[in-house]
Amino acid sequence: MQKPTIKRITLKNLMTFLMLLSLATLVILTVNFRSISVRIIEDKALAISEVVKAGLTSHMRAEIMAKRDYFLAEINALTLVNNVTIIRSKEVSDQFGTGHWREKERDHVTEQAFKSGRPVFILNDLEMKPYLRAIVPFIASTEEQLNCLKCHEVKEGTVLGAVDLRLDLTEYRNVTAKLLAAIGVVTFTFILLIVVNNFRTIQRYVQDPLNKLIKKSEDAYHTHTPINVDEFECLEFEHVAKEINLFTQEVIHRHEVIEKKNLELEVMSDEIEHTLQETIFTMGVIEEQRSKETNNHTLRVTKYSQLLGDLSGLSEREVELLSMAAPLHDIGKLGIPDAILLKPGKLTEAEYEVMKNHCQMGYNMLSHSKRDVLQSAAIIAYQHHEKWDGSGYPQGLAGEEIHIYGRIVTLVDVFDALAAKRIYKEKWALPEILTYIEKQRGSQFDPKLVDFLVENIDAFLAIKHRYQ
Ligand SMILES: [Fe+2]
Ligand SMILES: [Fe+2]
């Protein structure tokens, strides 16, 4: 999954917190606004009931109670005021009669107001037409200017009656809804503005400079030119760019030192490699001198092996190992007594058996080493008298049991030896040599190698002439 960007994380957090904040604000506002509105409406209901009470009292004192319906009709006609009714208490009915039929209507809510002597409010703001019903009792009092007991034959504190009215809250609710909607819209707009502003700020002051810094750092490393710190608007990025410049300079410096050291190491390694190569070759030459073999036999065998290795499709490293190891193929002859090694005539059977030991001796001299060059040389020393048909020595290996190095050196060693005069033989002419080699194809020599040699005889002859 792709990782989120700084911008995405910041904006997501910001959006979540702002949304929660505005939601909390809206809830608090709604609850408080409702409480305040209810309080105002209740006060309004109390005020209207006071007016009704004063109006009825004045009707009573003017002895025009029969006309009170006109007054109540006017009150009912007031905006938002509905269903204003008066309810007489039993005491007033007993004294003045039951009055208007409506003045007798009672329900459990009016009963509650009569019993408690306190106003009862019922708020219903969940319906389509929300309303507040208020039942405000009139209490017989001797205080203030009006002394109720002058007219009413009741005790002080008796509930004389009550006003029951309803106030229409539709308008209040609409105003509240509009106000909350306005607050919501303003809040949402500000959230949007804050988010967009942050989006642009992060893009401009974080994301863009960061991308620029990454690219400039790469350029600084590759082109060795420091980052221009003035390109960054913010102080933090300027600091980081400066640090990167210092770091890059250090890396470049170290890189140069390492490159120089590597070059020195390469030269040293080449020197060691050549020294080793020459040492091995010289060991071969020492053996060659002692055997009184033709000059440059070792060198030519080395070059022929290299060429045949190439023709056989060996890898570059394998050819390198083969050509480095080939000079040591007869190193074991250092262990053969002069009487046998340098004997001019044909060897007796016993002498020949001693002579054959040079393979094992060569192997013993070289195989102790873990270096692949000497390991290769050990194989060649051990196997360069093996024959493809298994009739060779010392192990009597056949076919591909014989290592490719062994098969190659066997062929080129014979190819060079036949062309040279030895203490035990005269040198052969090329046609004779080729006839012999082709005759031994598949018996003494690997047939494929014979084919490579015959097909490329000119290249082999070029070596022969060059290192005569
Ligand atoms: Fe040999
Ligand atoms: Fe040889």
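Mentor: We'll go through salt bridges and then a charged patch.
Mentor: First, this is a predicted model, where local features need pLDDT of at least 70, side-chain atom pairs count only at pLDDT 80 or more, and totals for chains, interfaces and linings use all residues. Residues are numbered from 1 along each chain as its sequence is written, chains are lettered from A and ligands numbered from 1 in the order in which they are written, and side-chain values use heavy atoms, with hydrogens and water left out.

Trainee: Which residue does Arg317 pair with?
Mentor: Asp372, with N to O at 3.2 Å. Arg317 sits in helix H8 (residues 316–325) and Asp372 in helix H12 (residues 372–383), so this pair ties together parts 55 residues apart in sequence. Helices here are DSSP runs of H or I, at least four residues, numbered from the N terminus.

Trainee: And how accessible is Arg317?
Mentor: Arg317 is partly exposed at 36% relative accessible area, and Asp372 is partly exposed as well, at 37%. The scale is buried under 20%, exposed over 50% and partly exposed in between, with a 1.4 Å probe and protein chains only.

Trainee: What about pairs inside one helix?
Mentor: Take Asp219 and Lys215, bridged at 3.0 Å, N to O. They are 4 residues apart in helix H5 (residues 170–223), so about one helical turn separates them. Asp219 comes out partly exposed, at 32%.
Mentor: Then there's Lys356 with Glu353, whose closest N and O atoms are 3.2 Å apart. Both lie in helix H10 (residues 349–356), 3 residues apart, again about one turn. Lys356 has a relative accessible area of 21% and Glu353 has 42%, so Lys356 counts as partly exposed and so does Glu353.

Trainee: Which residues are linked in a network of salt bridges?
Mentor: Asp107, Arg133 and Asp164.

Trainee: Switching topic, which residues make up the patch of negative charge?
Mentor: Glu266, Asp270, Glu271 and Glu278 gather on the surface there. Patch residues need over 30% relative accessible area and no salt bridge, with like charges joined within 9 Å and nonpolar side chains (Val, Leu, Ile, Met, Phe, Trp, Tyr) within 5 Å.

Trainee: Where is Glu266 found?
Mentor: In helix H6 (residues 235–290). Glu266 has 51% relative accessibility, so it counts as exposed.

Note on methods. Accessible areas come from the Shrake-Rupley method with a 1.4 Å probe; for residues, only the protein chains shown count as cover. A salt bridge is a side-chain nitrogen of Lys or Arg within 4 Å of a carboxyl oxygen of Asp or Glu. Lys and Arg count as positive and Asp and Glu as negative; His and the chain ends are not counted. The place of a charge is taken as NZ of Lys, CZ of Arg, CG of Asp or CD of Glu. Helices (H or I, at least four residues) and strands (E, at least two) are DSSP runs, numbered from the N terminus.
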